[in-house]
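Subject: Structure handover and findings

Hello,

Here is the structure for you to look over. My notes on it follow below.

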Amino acid sequence: MGNIKETFLNPIFKGNPISVLVLGICSSLAVTVQLKGAFVMGLSVIIVTGVSSLICSLLRNTIPNRIRIIVQLVVVAMMVILVDQVLKAYAYSVSKTLSVYIGLIITNCIVMGRIEAFALGNKPFASLMDGLGNGLGYAMILVIVAFFRELLGSGTLFGFQIIPQAVYDFGYMNNGLMILPPMALIILGCVIWVQRSIQKDLQEK
Amino acid sequence: MNTNSNTYTVIYSIVLVVIVAAVLAFAAMFLKPTQDANVKKDTISQILTAATVEGEDILATYQDAIEAAILVDIDGNKVDDLDIQDCEVYGTADLKRQIAAEQKALPVYIFKNGITVVPCYGAGLWGPIWGYVGFEGDLKTIKAVCFGHKGETPGLGAKIADEPSFAEAFVGKQVGTGDILFEIAKPANRQTENNGVDAISGATITSQALGKTLNQWFGFYQNYLAKNGAVCKQACEHCTECSEVEPANTVEE
């Protein structure tokens, strides 16, 4: 069981898919303007990585080797469409903000990468944990980046005003650059910097 | 079993695809009513924005604020009613049908605050664009607008929906007469004074498409707007033109 715990926790910090493996950068730049969007996107990716890893792991001994990528793709696509449909039905406003990015989870390298690298060679439960862990690692970075972008760019968190009006009266202004994608890249760079200074073994000689 | 044989591979992929298709079809059918309700709510909230009505519960607010929702033909005559109690509105698919239809049934939403909202629908750069225009009592002056789109470029064409200053530019503008009913272009390229707004920099095609759409739909509604605009309603106490309105049927010799 210790091994399973390690499988789950490793991708959250030590082997984080975004900050260490540098996968799934594109979507993390696009959906981190607001915390709410980042949160829902993170949750969607957790579900997609977890369940598709589980399904692929259950099927792993039956999948013909020559079409294994296609099979993975079909499973991931199914999960993504399901998540998209559910969001459209029960969280319409968020689904409108995230628009195409939910559909683009399918192109997120984390999902296919974890299935190909882990789920096809491991037992279902371990694969589920690996998928959930990677999704969680992805979601965590998304939320961190979105926290700074929404706070400094709009002065709000989850849509609630955090920076009081009095501060604006003194001449404080929201940083417009924070709303734009380049700032996500810079914050992401800072996150990676912090992580590498804590985790010395990640530093290249 | 040999999982690499051709027969196995073909059968495997067929079975997998059929199962996945069944799951997705079931999910789509199951979720469709909820999704449709959301889309309808979204449409109504856009209509309410154009009518400058605000409220928490969108359906209840709509029922409270609406005076009449009717369908008119191209000559501006009423052909049918929309069910207010049921919050019946024309969605984008219904609007699309009217463009090519020979017998048009164009929705008009008349609100108790004196604002009349008419929709428009057309092709943008990447997908459909649509919008709702709220007119003051004279049915000429624009009070508020609300535009939407399927997939215009974020940060450029998408500004028609999410850039407040673009929508604000329409306020107080009027629908023109003659060939050009409304223009969206830079001031130097506009032929009229008060019948147009600035286009969006970097989103020329979306801006032009919206201009074209508005022209087409204002054209559809031209007769209705002209017929009903002069008749002043009691609700528009802010409108100062009531006393000055001349009878519409003065004939020039």
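First, a definition: two residues are in contact if their C-beta atoms, placed from the backbone, lie within 7 Å. With that in hand, take Tyr101(A). Leaving aside neighbours within four places in sequence, Tyr101(A) is in contact with Ser27(A), Ala30(A), Val31(A) and Met41(A).

Some ground rules. This is a predicted model, in which local features need pLDDT of at least 70 and side-chain atom pairs count only at pLDDT 80 or more, while totals for chains, interfaces and linings use all residues. Residues are numbered from 1 along each chain as its sequence is written, and chains are lettered from A and ligands numbered from 1 in the order in which they are written.

Back to Tyr101(A). This residue lies in helix H6 (residues 100-103) of chain A. Helices (H or I, at least four residues) and strands (E, at least two) are DSSP runs, numbered from the N terminus. Tyr101(A) has 16 other C-beta atoms within 10 Å, so it is partly exposed. The scale is this: buried means 20 or more other C-beta atoms within 10 Å of a residue's own, exposed means 12 or fewer, and partly exposed is in between, with C-beta atoms placed from the backbone. Tyr101(A) and Ser27(A) are 74 residues apart along the chain, with their C-alpha atoms separated by 6.8 Å.

**Where the chains touch**

The interface pairs 16 residues of chain A with 18 residues of chain B. Which helix gives the most to chain A's side? Helix H4 (residues 68-90) does, with 10 residues. Chain A's side divides into 11 nonpolar, three polar and two charged residues. Here Ala, Val, Leu, Ile, Met, Phe, Trp, Tyr, Cys and Pro count as nonpolar, Asp, Glu, Lys and Arg as charged, and the others, Gly among them, as polar.

From chain B, look at Ala27(B). This residue sits in helix H1 (residues 6-50) of chain B. Leaving aside neighbours within four places in sequence, Ala27(B) is in contact with Leu82(A) and Gln85(A). Ala27(B) is partly exposed, with 16 other C-beta atoms within 10 Å.

**H3 and H4 of chain A**

H4(A) also meets helix H3 (residues 35-59) of chain A. Their axes come within 9 Å and cross at roughly 145°. Axes are lines fitted to C-alpha atoms, for helices over the stretch in contact, and angles run from 0 to 180 degrees between N-to-C directions. The crossing of H3(A) and H4(A) is right-handed.

Ile69(A) and Glu116(A) are 47 residues apart in sequence and 7.9 Å apart in space, C-alpha to C-alpha.

Helix H10 (residues 181-198) of chain A has 18 residues and reaches 26 Å from first C-alpha to last, close to the 26 Å expected at 1.5 Å a residue. The expected span is 1.5 Å times one less than the number of residues. Met183(A), Ala184(A), Ile187(A) and Leu188(A) are buried in H10(A). Seen down the axis of H10(A), these fall within an arc of 140°, so they line one face of the helix. The arc is that of the directions from the helix axis to the C-beta atoms. On the other side, Pro182(A), Gly189(A), Trp193(A) and Ser197(A) are exposed.

What do the buried residues of H10(A) pack against? Helix H2 (25-30) and helix H8 (124-154) of chain A. H8(A) is mostly covered, with 23 of its 31 residues buried. H8(A) reaches 43 Å, close to the 45 Å expected. Just after H8(A), Gly155(A) takes a positive phi of about 75°.

**Two backbone points to check**

Val22(A) has phi near 50°, a positive value in a residue other than glycine. Val22(A) is in the loop between helix H1 (2-9) and H2 of chain A, and is exposed, with 12 other C-beta atoms within 10 Å. Cys87(B) has a positive phi too, near 55°. Its place is the loop between strand S2 (78-81) and helix H3 (92-100) of chain B.

Best wishes

How values were computed. Left-handed = near helix turned anticlockwise from the far one by under 90°.
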